[in-house]
Structures are given as C-alpha cells and as structure tokens.
Amino acid sequence: MAKRVMKLSAAAIAIAAFAAGSSINSLLPDREAVLNETFPVHGTVEQAVEIRTGSVSVGDVGTARTVTRFGATAQTSAVFLTFTVTYVPNGIETSVAPIEVEGGNSHVFGGIQPYGGLLKCGASQAGLAVSCPLAVEIAKDALAGASVRIYNYSSASGDDVAVIDLGISEEDATELIATAGTFEIADPSYGGAKP
Amino acid sequence: MSWWKRNWRWLIVLPIAVVAAGFASSHRLLEIYWPSDPTSEVAVESETAHYTSSLTNAGVTYERAIDVTFDGAQIVESVEGLTAVEGARLWAFDFTMAADPEVIADGCTVIALDSDGRQYFPRAATRQDVSAGALVDSCVPFGAEGPTIDYFSGELIDSATPRPAQWTTTSVIAIPDGVEPRTVRIYWDLPRYADFPVR
C-alpha cells in the first residue's frame, strides 16, 4: 500500500513538474526574440552614452529641405532631420551603424538616403573621436518626439543600442519645419577624445 | 539499505552525464566563438613565426605555410597616398615573408595593440588619395601575388608574375597621437595568429 502511494506521489510530482516547466516555457521569449533583443541605452542631445563598442553622442540637431553631398543635391517634400553623431571607439569596432530615426509617430526612418549616403559613422580608432554630419528623411509628423538610434556595427540586434531623445516638442517641430533650409553633408572630422 | 548504497550506480553515471551535458551545450563555443577569435597563437622563434593554417572555399581546403618575420615599425607621413587623419599618426609595420610560390598568401590582416590590449585596425582613421598607389596592406607583392582564389568560381588564379620565394611587405595603421603600439598581430585564418613585440 505504502509503495503504491509512493509511486502515485512520484507520478503526481512528475506531472506537476512537467506542467510547471511547460508553463514557464510558454512565458519565456523564443530563441529568435532573445537573439534579436536589443539593450537600449538612453541619452539626450550632447550627452555621451556608452555602448559596448565605445561612446556615442548626438548634437547639432536641425532640419533641411535640401541636402547636398559631393556636389549632388536631394530635395524632399517631407523634411530632412540633420544631426551630428560623434563616436569614440574603445578598440572593438571602428564604426557605428546602422543609424536610424524613430519618429514621434513610432515610425522608423533610415536606410539609403536620397542623397546616396549611408547612415554610419566611422571609421576611427580607439580613443579617437570621429564626428559625422548626417541627414535622415522623415515625415513631418514624425519630428516631434523623435529619437536617434545608434547600433554597434557588428550586431544591429541582440546588443546595445544608443537611443538619443532629441527633445523636440510640437512647438519646436513647427518652427524647425518652417525654417528648414539647405544642409551640406561634410566629411567626417576627427580629433580629440570627446565626448 | 542506505540511500548511498541504493543509488551508487546513478552516482557513477552523474559526473558522466554532467560532462556530456556540458559537451552538448558547447556547440557555439567550439564552432563559432573560438574559431572566429584569435585563440590559437603561433609561436615566434628567433623573430620568425612559422604560420600554418587552413583555408576552405567551395569545399576545397588549401593549406597555408608562411614564415613571417617582423622587421620593425616606424612612423611615416604617407604610404602610397594613404595618410592619417588629424589626431593620429601613421605607423608602418615591415615584414619579411617566405613561402612556397604555390601557397595562397594574400588576404592577411595586420592589427596593432597598445599596452592595454586595445586594438588598432588598418584603414580606420586614414585618408586615401585615390589617384595614388596600390593596396598597402595586402601582404603580397603587387603584381606578383601568387595564387589567389576567385570566390565566384572557386578556382585558383595565378598572378601574371610568380611570387618570389621571399618578399617584403609593409602594413600601415593610423594610431592616435601619444599611443605607442606594443604588439603587432598578423593572421590569415582565425583562430591562428602570431604576435610580435614592437620595440
């Protein structure tokens, strides 16, 4: 009798353990979600934030209707969000990319731009700052509340990503759109261990 | 009968099971991380590393055997139209290499390391005058590269001029002002690499 009770107890414990394991498993993210998980590091304009491969900051935020690069011109009926990314590598990767803008309307803007530019910054060496003027074409209603996302070059997912809040209010956005002019994308500049 | 006596067989199996579980979980470490990182150092004897490794392309494996001697490093203004950006100096690392002319010797990577182990990579923080010069970090003589792989067809292509049995190369790396390289590392196929002290 005692043996039968022990066997039944063992079976019940085993079934309960399987049920608990299954329940926990259903709550866990799947493999793909884990591998693609990003680790946002938040910052604001002119604030240096540390990601795995170095330090990044965003400054000189503005807007433009026309962007020139290498003498070529691109115009938009929307708006170009312009800014400068400064990256100081720590010796793991020489560049940061991709760089994209998450609009206040939650849409993401990036990729190859109308002026032919790739949204990256580099290449530099450990401890040597590189500053890259960039322009990203975005919808006008995405400007207020926009943030810049800067990824490690080697792993756009499953790694640190700097999320820089540009601090653009609705009023700021209206003014920035009204005053958008021409922006020339200069070559990256180097020097100093800023930020 | 005590618990230990009843379960002695399982106690024997337990460490074997733990080792087997560890081995079964080691796939990424053994197949991805270790082979793609510099984890197998080639010894340097009398300033020369006898570098050996394997290169597999399109199902064909080629063996490399190259003797690499580090001849020294110095700061230079420009090499083949390549200059360092402001805030950095251009360092040239000279090597003498020797290999059978049939060995594939192109495609090496040279990086510099400082005393803290921070790595400095070729081409970063440089400016290239596109009208000048050839590649300065290819590790083989320009025009006499020896056999190279056509990665589209998988076939070997011989250079117009056979590569000599011994040749010299220079690799350049821009390193920030005030930083002295302590080590120069060369490799063709990770995880195999050779480190030379920079004096």
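Q: What makes the meeting of Glu102(A) and Arg149(A) a salt bridge?
A: In this predicted model, the side chains of Glu102(A) and Arg149(A) come to 3.2 Å, N to O. The cut-off is 4 Å between a side-chain nitrogen of Lys or Arg and a carboxyl oxygen of Asp or Glu, so the pair counts.

Q: How do you know that this pair links distant parts of the chain?
A: Look at where the two sit: Glu102(A) is in strand 5 (residues 96-102) of chain A, and Arg149(A) is in strand 8 of chain A. They are 47 residues apart.

Q: What about Asp114(B) and Arg118(B): what makes them a salt bridge?
A: Their side chains meet at 3.4 Å, N to O, and the limit is 4 Å, so this one counts too. Asp114(B) is buried, because its 8% is under 20%. Arg118(B), at 30%, is partly exposed.

Q: Which residues do salt bridges with shared partners join into one network?
A: Glu100(A), Glu102(A) and Arg149(A).

Q: How do you know that Arg52(A) and Asp159(A) form a salt bridge?
A: The closest N and O atoms of Arg52(A) and Asp159(A) are 2.8 Å apart. That falls within the 4 Å limit, so the pair qualifies. Over all chains, the count by this rule is nine salt bridges.

Q: Where do Arg52(A) and Asp159(A) sit?
A: Both are in loops of chain A: Arg52(A) between strand 2 (49-51) and strand 3 (54-69), Asp159(A) between strand 8 (147-152) and strand 9 (160-165). The two residues are 107 residues apart. As for burial, Asp159(A) counts as buried at 9% relative accessibility, while Arg52(A) is partly exposed at 36%.

Q: Which residues touch the most other members of the largest nonpolar core?
A: Of its 53 residues, those are Phe83(A), Ile99(A), Ile138(A), Val148(A) and Ile150(A). Strand 4 (residues 72-89) of chain A gives the most to this core, with seven residues. A second, separate core has 32 residues, including Tyr51(B), Phe70(B), Ala99(B) and Ile175(B).

Q: Which residues does Val148(A) touch, beyond those up to four places away in sequence?
A: Among them are Val58(A), Phe83(A), Ile99(A), Ala162(A), Val163(A) and Leu166(A). The contacts of Val148(A) also include Glu100(A).

Q: What makes a residue in the lining of the second largest pocket nonpolar, polar or charged?
A: The residue type decides: Pro, for example, counts as nonpolar, and Lys and Arg as charged. By class, the lining has 10 nonpolar, two polar and three charged residues.

Definitions and conventions:
Residues numbered from 1 in each chain as written. Chains lettered and ligands numbered in written order. Predicted model: local features only at pLDDT ≥ 70, side-chain atom pairs only at ≥ 80, totals over all residues. Heavy atoms only, no water. Core = buried A, V, L, I, M, F, W, Y, C linked by side-chain atoms within 4.5 Å. Buried < 20%, exposed > 50% of the residue type's maximum accessible area, 1.4 Å probe, protein only. Helix = DSSP H or I, 4+ residues; strand = E, 2+ residues; numbered from the N terminus. Contact = heavy atoms within 4.5 Å.
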